[in-house]
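Here's a quick tour for anyone meeting this structure for the first time. Have a look at the sequence and the model, then read on.

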Amino acid sequence: MLEFWREQGVSEALLRGVEEYRRRYPWQDDRGLARPRYPYYGREVLEAAAAAMLAGENLLLAGPKATGKNVLAETLAAAFGRPDWNVSFHINMDAASLLGTDTFRDGAVVFRPGPVYACASAGGFGILDEINMARNEALAVLHSLLDFRRILDVPGQGRLQLHPAARFVATMNHGYAGTRELNEALASRFVVLQMPPLDGEGLEKLLGAEFPRLSGKGRALFAGLFLDLRQKYENAEISGKAVDLRGLLDALRLAELGLPVRRALDMGITNKCFDEEERNLVADSISLRISPHMMGEALFAR
């Protein structure tokens with residue numbers, strides 16, 4: 001991962017800092033290290049995020065969908081040589097879900113650590129996904145962990161001091177159903193990085209890494225299609241359902257297996273728009289770039 005960062009042009013001073021962190025806190029537990037599926041492309045973002053981790057800050061990644069927030073969080077954990085604990089927040093999240101709870105084992109009451117407690121004690125990277133989905137009452141238990149005190153008070157377990165290697169990276173989207181404003185007390189405990197949208201070059205690199213057999217023409221074609229859909233979303237012509245990078249990758253997997261490209265895109269993107277008018281707009285955008293007769297073999301090398 002660090003060699004990949006060098007190829008991205010990340011500052012040597014920051015790379016030396018990450019290497020020093022890894023020497024100071026070698027991981028020797030059974031839990032596997034973070035293994036991101038996709039690489040994150042973008043030197044400035046990587047440098048800003050790495051600097052925050054080296055400074056011991058909590059990092060909040062904010063921005064719309066398909067900007068690589070979770071990919072960046074997993075990339076940071078991998079680069080720093082740590083395992084990650086991923087916590088997906090929701091409206092019914094409570095303190096016990098984060099810290100842990102008592103349970104029965106072999107006829108005795110024992111403490112079952114929650115993901116935040118386990119991450120804090122082991123020195124991992126905690127990824128707090130969609131943190132603005134949870135109620136403020138549930139998040140209040142994190143205040144002492146995320147500020148200068150770096151402690152957790154767990155009923156029945158006493159006080160836990162945060163491992164010095166532990167870091168927390170939160171993600172949030174704006175304007176989704178179920179989301180809310182992050183309260184000032186919690187927001188003040190993070191440094192915030194507004195995630196830029198992926199550009200065409202970054203998209204082509206990602207597609208090339210995920211699909212080594214995809215031709216240069218194919219990479220440019222699908223990156224351009226995704227940018228077309230994002231432009232329509234930004235112009236309020238369609239909703240965000242079609243701006244789905246995971247759906248685009250899913251469609252390419254189907255096409256690589258032999259499904260006609262347009263049918264694969266229908267399954268990965270178009271059919272996620274349940275409003276007929278919007279579905280037709282998305283289909284029209286796709287038809288401007290993709291012939292109805294195009295097959296995957298035209299895009300993938302044998």
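A crossing of two helices is called left-handed if the near helix is turned anticlockwise from the far one by less than a right angle, and right-handed if clockwise. Keep that handy for the helix pair further down. This is a predicted model, where local features need pLDDT of at least 70 and side-chain atom pairs count only at pLDDT 80 or more, while totals for chains, interfaces and linings use all residues. Residues are numbered from 1 along each chain as its sequence is written, and side-chain values use heavy atoms, with hydrogens and water left out.

Helices (H or I, at least four residues) and strands (E, at least two) are DSSP runs, numbered from the N terminus. Buried means under 20% relative accessible area, exposed means over 50%, and partly exposed is in between (1.4 Å probe, protein chains only).

- Axes here are lines fitted to C-alpha atoms, for helices over the stretch in contact, and angles run from 0 to 180 degrees between N-to-C directions.

**Walking across the strands**

- Starting from strand 2, 5 bridges tie it to strand 5 in parallel, and Asn86 has Ile127 as its bridge partner there.
- Strand 5 then pairs with strand 8 over 4 bridges, again in the parallel sense; here Ile127 is partnered by Val169.
- Strand 8 (residues 167-172) is joined to strand 1 (residues 59-62) by 4 bridges, running parallel. Leu60 is partnered by Ala170, and Leu61 stands opposite Thr171.
- Strand 1 also pairs with strand 9 in the parallel sense, over 4 bridges, and on that side Leu61 stands opposite Leu193.

**What's covered up**

- In a regular strand, side chains alternate between the two faces of the sheet.
- Strand 5 (residues 125-129) has 5 of its 5 residues buried. Phe125, Ile127 and Asp129 are on one side, with Gly126 and Leu128 on the other.
- Strand 1 is covered on both faces too: Leu59 and Leu61 are buried on one side, and Leu60 and Ala62 on the other.
- Helix 6 (residues 115-122) has buried residues as well, namely Val116, Tyr117, Ala118, Cys119 and Ala120.

**Where helix 3 meets helix 4**

- The axes of helix 3 (residues 43-54) and helix 4 (residues 69-79) come within 11 Å and cross at roughly 55 degrees.
- That makes helix 3 oblique to helix 4: angles under 35 degrees count as roughly parallel, over 145 as roughly antiparallel, 65 to 115 as roughly perpendicular, and the rest as oblique.
- The crossing of helix 3 past helix 4 is right-handed.
- Helix 3 brings Val45, Leu46, Ala49, Ala50 and Met53 to the contact, and helix 4 brings Leu72, Thr75 and Leu76; contact means heavy atoms within 4.5 Å.
- Sorted by class, this contact has 7 nonpolar, 1 polar and no charged residues. Ala, Val, Leu, Ile, Met, Phe, Trp, Tyr, Cys and Pro count as nonpolar, Asp, Glu, Lys and Arg as charged, and the others, Gly among them, as polar.

**Two residues to look up**

- Leu193 lies in strand 9 and counts as buried, at 15% relative accessibility.
- Leaving out residues up to four places away in sequence, Leu193 touches Val45, Ala48, Ala49, Leu59, Leu60, Leu61, Ala62 and Leu72.
- The C-alpha atoms of Leu193 and Asp94 are separated by 26 Å, with the two residues 99 apart along the chain.
- Ile91 is in the loop between strand 2 and helix 5 (95-99) and is partly exposed, with a relative accessible area of 38%.
- Ile91 and Gly200 are 109 residues apart in sequence, and 35 Å apart in space from C-alpha to C-alpha.

**Positive phi angles**

- Glu130 isn't a glycine, yet has a positive phi of about 55 degrees; look for Glu130 in the loop between strand 5 and helix 7 (136-139).
- Arg150, also a residue other than glycine, has a positive phi near 55 degrees and is found in the loop between helix 8 (143-146) and strand 6 (151-154).

Conventions
Pairing = 2+ DSSP bridges.
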